Amino acid sequence: MKTKFFMRGKSFFKSILILLNIGVIVSYIITCCSPFINTGEDWFLAFPGLVFPLIFFALVFFIILWACLRSKWWWISLIILIIGFQQIMSSFGFNLPKKFSYEKEQGILRVLQWNVSNWDESNNKNGKSYRPKMMDLIKEQNADVLCFEEFFESKDTTHYKPNISTIAKMGFTSHYFIPSKKYGDKLFSGIAIFSKYPIIDSANFSFNENDLGEHLLYADIKVSDKIFRIFATHLQSVHFNPSDYQSLHKLKRAEETNFRESRTIVSKLKKGYESRYKQAGLVSNKIKESPYPALICGDFNDVPNSSTYFKIKGNLQDAFLQKGFFLGRTFRFISPTLRIDYILADKKFTVTQFQRLKVPYSDHYPVEADLQY
């Protein structure tokens, strides 16, 4: 009797494990299909991609578990894992960590990408702004090109220090700044490209989404006898407010959230996916039209498993994947799986170094790469 009861319990437990394994497999397959899905329309299929690394590790767990139990499910899960090779290679950096050398070799173009969150100016009234430390950090990097999203500039020097002139004193003699938001006639926010080399041409393209979005822009820089096109962009954000982050925190801790909170979060995610899918198409086309070797820096607001990422990346190389390690998270909140800030470069460049600077000055970490042409 006890043996029969034990066998039934064992069979039930195995059935539960199989159902969980199937759930992981389905999520994994959906994520693998993301690059080929129109997430502007089928936006809900992009959700598993937000936690793809967790799904990956869950699948690895089941492979090990079934192998130990000598069940055929181990090779079924293994085959599924191999099918997602493209997603694995786009999500993880497999390079051994190395200390970033600030001494530049000859022929190196050092690029720094950072969503600076308005230089933390929102805290200025409380005297807690990180702006001085952010400026010091930038100066220490000895970069040649800076790409900033949510860049803030003020003509009202009684309350805010000018940022363009401060950066110019670091040797960045050329810049291209396109405000996407104006607060009165003295405060501006948008995307900026700074260069120690001459900018010989520039242009910007509006996504025509809403007054909360930023643009795509480029600057052609001349380095000796070569010309490179530097793109910078900030794709549609989900615009989570503090209450949304609180709701997400509750979900992470399995605490109760009300229907309205959940619906608001889903609605914002949906809008983001719809907008970014269209925006990525424009960005991809402009990169293909470039007559010069190009690179793009930006806050894509989407993970490496997304159709947004693959559409923009095209034939470019991801600096993180070339020299980075593990997940490379760039957004400090919500989840450790969110790498949404990128430096993508033409394959005519060789990525010699990459680093992510883990500093608490913005909601995004800056990323930096050395590119040799």
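Phe-326 has its place in strand S11; helices (H or I, at least four residues) and strands (E, at least two) are DSSP runs, numbered from the N terminus. Phe-326 also has a positive phi of about 65°, although it is not a glycine. Most residues other than glycine have a negative phi. Another residue with a positive phi is Glu-150, near 55° and again not a glycine; Glu-150 lies in strand S3.

A word on what you're looking at. This is a predicted model, so local features need pLDDT of at least 70 and side-chain atom pairs count only at pLDDT 80 or more, while totals for chains, interfaces and linings use all residues. Residues are numbered from 1 along each chain as its sequence is written, and side-chain values use heavy atoms, with hydrogens and water left out.

**Rings**

Two rings of Phe, Tyr or Trp (its six-membered ring) pair if their centres lie within 6.5 Å; planes under 30 degrees apart count as stacked, over 60 as edge-to-face and the rest as tilted. By this rule the count comes to 32 aromatic pairs. One of them joins Phe-92 and Phe-326, and this pair is tilted, at 6.0 Å centre to centre and 45° between the planes. Phe-92 lies in the loop between helix H4 (85–91) and strand S1 (93–94), and Phe-326 in strand S11, so the pair ties together parts that are 234 residues apart in sequence.

Phe-92 is buried at 5%, and Phe-326 is partly exposed at 40%.

Then there's Trp-119 with Phe-148: their ring centres are 5.4 Å apart and the planes stand at 75°, so the pair is edge-to-face. Trp-119 lies in the loop between strand S2 (108–115) and helix H5 (131–141), and Phe-148 in strand S3 (residues 145–154), so this pair ties together parts that are 29 residues apart in sequence. Trp-119 is buried, with a relative accessible area of 0%, and Phe-148 counts as buried at 0% too.

Here are the two pairs side by side.

| Pair | Centre to centre | Angle between planes | Kind |
|---|---|---|---|
| Phe-92 and Phe-326 | 6.0 Å | 45° | tilted |
| Trp-119 and Phe-148 | 5.4 Å | 75° | edge-to-face |

Ring pairs also link Phe-56, Phe-57, Phe-92, Phe-94, Phe-325 and Phe-326 into a cluster.

Rings can have charges over them as well; here that means NZ of Lys or CZ of Arg within 6 Å of the ring centre and within 35 degrees of the ring normal. The charged end of Lys-196 sits over the ring of Phe-172, 5.1 Å from its centre. Over the ring of Tyr-277 sits the charged end of Lys-311, 3.4 Å from the ring's centre.

**A pocket**

A pocket here is an open set of points on a 1 Å grid over the protein atoms alone, where a 1.4 Å probe fits, with protein on both sides within 12 Å along at least five of seven lines; lining residues have an atom within 4 Å of a point. Helix H10 (319–323), strand S11 (325–326) and strand S13 (350–356) are the elements that give two or more residues to this lining. S13 gives the most, with five residues. About 530 Å³ of space lies in the pocket, the volume being the space filled by probe spheres set on the points.

**The sheet**

Now for the strands. Six of them form an open, mixed sheet in the order S6-S7-S8-S9-S12-S10, where two strands pair if DSSP finds at least two bridges between them. Its edge strands, S6 (199–205) and S10, each pair on one side only.

Strand S8 (residues 226–234) and S9 run parallel, with six bridges, and Ile-230 stands opposite Leu-295 in S9. S9 (residues 294–299) is also joined to S12 by five bridges, this time antiparallel. Strand S10 (residues 317–318) pairs with S12 over two bridges, also antiparallel.

Which residue of S12 is the bridge partner of Ile-296? That's Leu-344, and Leu-344 is the bridge partner of Asp-318 as well.

Why is S12 largely enclosed by the rest of the structure? Because five of the five residues of S12 (residues 341–345) are buried. Both faces are covered, with Asp-341, Ile-343 and Ala-345 on one side and Tyr-342 and Leu-344 on the other.

Key. Buried means under 20% relative accessible area, exposed over 50%, partly exposed in between (1.4 Å probe, protein chains only).
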